[in-house]
Amino acid sequence: MTTPTFHPLDGVSDNGRMEPKKYDAIVLASFGGPEGQDDVIPFLRNVTRGRGIPDERLEEVSHHYRAFGGISPINQQNRELRAAMEAELARRGIDLPVLWGNRNWAPFIADTLKDAYDAGHRRILAVTTSAYSCYSSCRQYREDLGMALVETGLDGRLEVDKVRQYFDHPGFVEPFVEGVTKGLKSVRERLAADGESNAPVHIMFATHSIPTADAEAAGPRNEDGGPALEDGAYVAQHLATAQAVLDRVPEAADAQWSLVYQSRSGAPHIPWLEPDINDALADLAATGVKGVVIVPLGFVSDHMEVVWDLDTEAMETCAELGLVAERVPTPGTHAKFVAGLIDLVSERTADNTIIERPSTTDLGPWYDVCRPNCCANRRGEKPTIAGADSTVGLPETEQA
Ligand SMILES: CC1=C(CCC(=O)O)c2cc3nc(cc4[nH]c(cc5[nH]c(cc1n2)c(C)c5CCC(=O)O)c(CCC(=O)O)c4C)C(CCC(=O)O)=C3C
Ligand SMILES: [Fe+2]
């Protein structure tokens, strides 16, 4: 396996690090979700715009939202995360407002950037609610911000950078360490209460499935254009982060574990990452496993993919299979996660107090500035910020 080389800090151009700057606002960029029954279909149309998701799938997904009154939990979670980030900044005496904008629902990223400009901000640092590298979780946010600059005519007037993907940052990893520790204890106690004290327990890390072609395209490229990391950065980052979590849970020392996928969509003939969590649970039960700790490693908060696909569907599967199961919390507004996000901001700011860039895997710390063709958009190129080949979001003097 090849690991990307991280050169010492010497500017943007060929090393993936960006010199610290003086920013004047943070933008929390997220997915967005519906806030009532009338929003559901318009929201799903925004999500799937131009992507060939079949109508039956839209209908199917709309039921998940309908069952929750048409309200996705994600927006409220982002309001709480934003407030927690502001509180942490205030606690540290850092004067940076936190603005919020979404890809698929109001407040939209373009409106947020326009408001930022009108409020006098000129240099923005984006933090996204996605920890890993793939098209949906990294490049698409870079495009959202890049296209928003073009749409609003702010390109060249508003500089926009982004913090590194933070899958291996201790602030993201530590809440999972706590969760796995508690989850294991609880599953083992419940098994003991059923007279199954020594029954095997499995730790199942779950993340969003993506098309295998996107997984291949994830992360930096080799000279021959292939993925620099075996199986692509998305899979490699999840495997490395799962290991980093397990290394910090002594009680997990002898437990078996796996990485599984959920929330597949798209046409059935297009390959996506497998196994699906429900199939994996059935296979485990068939081998005599009695307890499972489900770790939503791919997600930052308890949004619909977590409360529906895990808490509803996967938990039903566990009940049918007679598996004792616990779902570990997502980082959400855990104090360590919030502090970690502010550390990620601090390592990029001119009055930086974070000298060392923490990372719990040998893949990181990840790039501040994505490498050329990183997480390529297979449907064609769009303007992106924060890439070595970006043409937008730069100071006016550096515009192509
Ligand atoms: C990697 C990844 C993450 C994790 C990283 C990140 O967080 O960014 C993520 C998160 C999320 N995905 C979400 C919702 C949806 N994702 C969809 C569709 C898709 N996701 C994909 C990938 C990912 N998705 C892909 C390759 C597709 C198909 C193509 C496309 O359409 O891009 C669809 C369309 C219908 C469907 O087919 O399911 C919906 C409604 C919500 C909001 C939940 C809420 O409302 O609480 C969140 C946080
Ligand atoms: Fe998704």
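Serine 72, setting aside residues up to four places away in sequence, touches Gly33, Pro34, Tyr65, His303 and Met304. Please keep in mind throughout that this is a predicted model. The serine sits in the loop between H2 and helix H3, residues 74-91.

Tyrosine 141 belongs to helix H5. This tyrosine is buried too, with 25 other C-beta atoms within 10 Å. Beyond residues up to four places away in sequence, tyrosine 141 touches Ala29, Thr128 and Ser130. Helix H5 also holds serine 136. Serine 136, in turn, is partly exposed, with 18 other C-beta atoms within 10 Å.

Let me turn to the ligand. Which residues are the closest to ligand 1? They are Gly33, Ser72, Ser265, His303 and Met304, out of 25 residues that surround ligand 1. The elements that give two or more residues to this shell are helix H1 (40-48), helix H2 (55-67), helix H5 (135-152) and helix H10 (304-321). Of the shell, the largest share comes from H1, with three residues. Sorted by class, the shell comprises 10 nonpolar, 12 polar and three charged residues. Both domains take part: the shell around ligand 1 draws at least three residues from each of domain 1 and domain 2.

That brings me to the domains themselves. Domain 1 is made of residues 25-166 + 334-398, and domain 2 covers residues 170-327. Their C-alpha centres lie 24 Å apart. The contact between them takes 37 residues from domain 1 and 34 residues from domain 2. On the side of domain 1 that touches domain 2, H2, H3, H5 and helix H11 (335-346) each supply at least two residues. Which element gives the most to that side? H11 does, with six residues. By class, that side of domain 1 has 18 nonpolar, 14 polar and five charged residues.

Within domain 2, I would draw your attention to a second pair of annotated positions. UniProt, again in an unreviewed entry, places the feature "binding site" at His208 and Glu305. These positions span 98 residues in sequence, yet no two of their C-alpha atoms are more than 8.1 Å apart, so they gather at one spot. Histidine 208 is found in strand E5, residues 201-208, whereas glutamate 305 is found in helix H10. Histidine 208 counts as buried, with 22 C-beta neighbours inside 10 Å. Glutamate 305 is likewise buried, with 22 other C-beta atoms within 10 Å.

What surrounds these two residues, leaving aside neighbours within four places in sequence? Histidine 208 is in contact with Gln262, Ser263, Gly298 and Glu305. Glutamate 305 is in contact with His208, Gln262, Ser263 and Phe299. Serine 263 lies in the loop between strand E6 (256-262) and helix H9 (277-286). Its phi is positive, about 60°, although serine 263 is not a glycine. Serine 263 is also buried, with 23 other C-beta atoms within 10 Å.

Alanine 386 shows a positive phi as well, near 60°, in a residue other than glycine. Alanine 386 lies in the segment after H11, and with 28 C-beta neighbours inside 10 Å it counts as buried.

I will finish with the remaining backbone details. A cis peptide bond joins alanine 106 and proline 107, with omega about -5°. Proline 107 lies in the loop between strand E2 (98-102) and helix H4 (109-118). The peptide bond from glycine 364 to proline 365 is cis too, with omega near 5°. Proline 365 is placed in the segment after H11.

Lastly, helix H6, residues 170-193, has 24 residues and reaches 34 Å from its first C-alpha to its last, close to the 34 Å expected at 1.5 Å a residue. H6 is followed by glycine 195, whose phi is positive, near 75°. Thank you for your attention.

Notes: Residues numbered from 1 in each chain as written. Chains lettered and ligands numbered in written order. Predicted model: local features only at pLDDT ≥ 70, side-chain atom pairs only at ≥ 80, totals over all residues. Near = placed C-beta within 6 Å. Helix = DSSP H or I, 4+ residues; strand = E, 2+ residues; numbered from the N terminus. Nonpolar A, V, L, I, M, F, W, Y, C, P; charged D, E, K, R; others polar. Domains from an automatic or database assignment. Contact = placed C-beta atoms within 7 Å. Buried ≥ 20, exposed ≤ 12 C-beta atoms within 10 Å, placed from the backbone. Expected span 1.5 Å × (residues − 1). UniProt positions renumbered as here; feature names shortened; annotations may be inferred.
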